[in-house]
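Here is a short briefing on one protein model. Keep the sequence and the 3D view open as you read.

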Amino acid sequence: MRAVSLFRERFGGEPDGVWLAPGRANLMGEHTDYNEGFVLPFALGQGVTAAASRNPDRAGRRLTVCSRQEPGDTVEVDLDGLAPGRVTGWAAYPAGVAWALEAAGHRLPGACIAIDSDVPAGAGLSSSAALECATALALTSLAGLDVPRAELVTIARRAENEFAGVPTGIMDQSASLLCRAGHALLLDCRTLETSQVPFDPAAGGAGLLLINTRARHELADGEYGRRRAECEEAARRLGIRSLRDLTDLADTGSLTDPVLRRRVRHVFTDNQRVLEVVALLRASPGPSPGPSADTYREIGRLLTQAHASLRDDFEVSWPEADAAVEAAVGAGAYGARMIGGGFGGSVLALVPAAAAGPGSGPGSGPGSGPGSGPVRDAVTAAFARHGWTAPEFLDAVPSDSARQLSG
Ligand code: GLA
């Protein structure tokens, strides 16, 4: 394990334990979490691994972190001097988790943590939430604390929002800490109620392909905050607590601003699409034989419809994502859409097994999931035609949430 070898290299000796937290993809419900709506993410097989030990023999309580993905020295922080703004760069995420845990009353020992990740950074697959959740599990386990998962979700989110200063919703940390293999997680972002929805395409003759478009636009952070503000403004003008409270699109007549009307339409219809997908999956005979091709076709149609909504109404898509969706659907995918916050990152395609065959085009990634051959090739060809960096492909397999691997 590469996190363990990094630990040995940097800290000497063996770690007390190794913890893994997955990245996530989201089947449906984008920009709905901070509007108190519904999301339906699943955990990926790819994740962040943390090899960690207590360091009781040092003076004071120090948290020392290093990462295989971040060249440079280890970063050392004093647990007694943590405050938002004091730590910048990647180390703000693990340090923020320590800060948020202590702020919630959980006393931590000093620790050394070596990090490794196979979630591509900047691909919109929540590598930062995975880093937070792996750190949270490692630190609480080292402290001998048994903190409920639901509480760890809010602690990890607080680290991201308040310590790292990134104003995200609660979806990513929930997915990393609460998902189950072969399921997607239905999360009501108002009540924080969750339920597991059977979702195992590979068992039912379909596949999920992630297309990392390898594009990241400068706009990403500012536009995310702007969308949040627009949604809040729309809710205020409509006289409702949040866009979750809208029960009929016809009730938006008083909203005269065309931009706000489009934003509201996206959030409203995406919430509906989450519930439609859940109903389709729950109505299927599972786990075996699972949903029929017709059901996947219907889910695919909703995915592509969601992409159009994110592109035209919420205006967070980007050219590489639009081209990937078009090429994937043209090559036989049931449907596809951009996932995550937008302005860069990945597209998720639901692909029939009938189109099976390993990808052969340049840019085919290490994965070789069912039904991905023609779709990979079509997307790769489309990117080449535009002169864009070749996309990267990953198999998306609904996997288990964060866990201890050893120790
Ligand atoms: C990012 C945020 C999430 C969510 C998505 C959009 O991934 O971290 O909280 O808002 O964007 O659905």
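Which elements do the buried residues of α5 pack against? They pack against β1, β2 (38–39), β3, α3 (127–142), α4 (149–163) and β7 (183–188). The model is predicted.

**Helix α5**
- Helix α5 spans residues 171–178 and is mostly covered.
- Seven of its eight residues are buried.
- The buried residues are Met171, Asp172, Gln173, Ser174, Ala175, Ser176 and Leu177.
- Strands and helices both pack against these buried residues: β1, β2, β3 and β7 on the strand side, α3 and α4 on the helix side.

**Serine 401**
- Serine 401 sits in the loop that runs between β12 (392–395) and β13 (403–406).
- Its relative accessible area is 12%, so serine 401 counts as buried, the cut-off being under 20%.

**Cysteines**
- The structure has zero disulfides.
- A disulfide needs two cysteine sulfur atoms within 2.5 Å.
- For cysteine 66, the closest cysteine sulfur belongs to cysteine 112, and it is 8.6 Å away, so the pair is too far apart for a bond.
- Cysteine 66 is buried, at a relative accessible area of 0%.
- For cysteine 179, the closest cysteine sulfur is in cysteine 133, at 11 Å, which is again too far for a bond.

**Cavity**
- Rolling a probe the size of a water molecule over the atoms shows where empty space is left.
- The largest cavity holds about 40 Å³ of space.
- Its lining consists of Leu20, Pro22, Leu44, Gly45, Gln46, Gly47, Ser399, Asp400 and Arg403.
- By class, three lining residues are nonpolar, four are polar and two are charged.
- Strands β1 (17–26) and β3 (41–54) each supply at least two residues of the lining.
- β3 gives the most, with four residues.

Technical notes: Residues are numbered from 1 along each chain as its sequence is written. This is a predicted model: local features need pLDDT of at least 70, side-chain atom pairs count only at pLDDT 80 or more; totals for chains, interfaces and linings use all residues. Side-chain values use heavy atoms; hydrogens and water are left out. Buried means under 20% relative accessible area, exposed over 50%, partly exposed in between (1.4 Å probe, protein chains only). On a 1 Å grid over the protein atoms alone, a cavity is a set of points where a 1.4 Å probe fits but cannot get out, and a pocket is an open set with protein on both sides within 12 Å along at least five of seven lines; lining residues have an atom within 4 Å of a point. Grid points are joined across faces, edges and corners, and a volume is the space filled by probe spheres set on the points. Ala, Val, Leu, Ile, Met, Phe, Trp, Tyr, Cys and Pro count as nonpolar, Asp, Glu, Lys and Arg as charged, and the others, Gly among them, as polar. Contact means heavy atoms within 4.5 Å.
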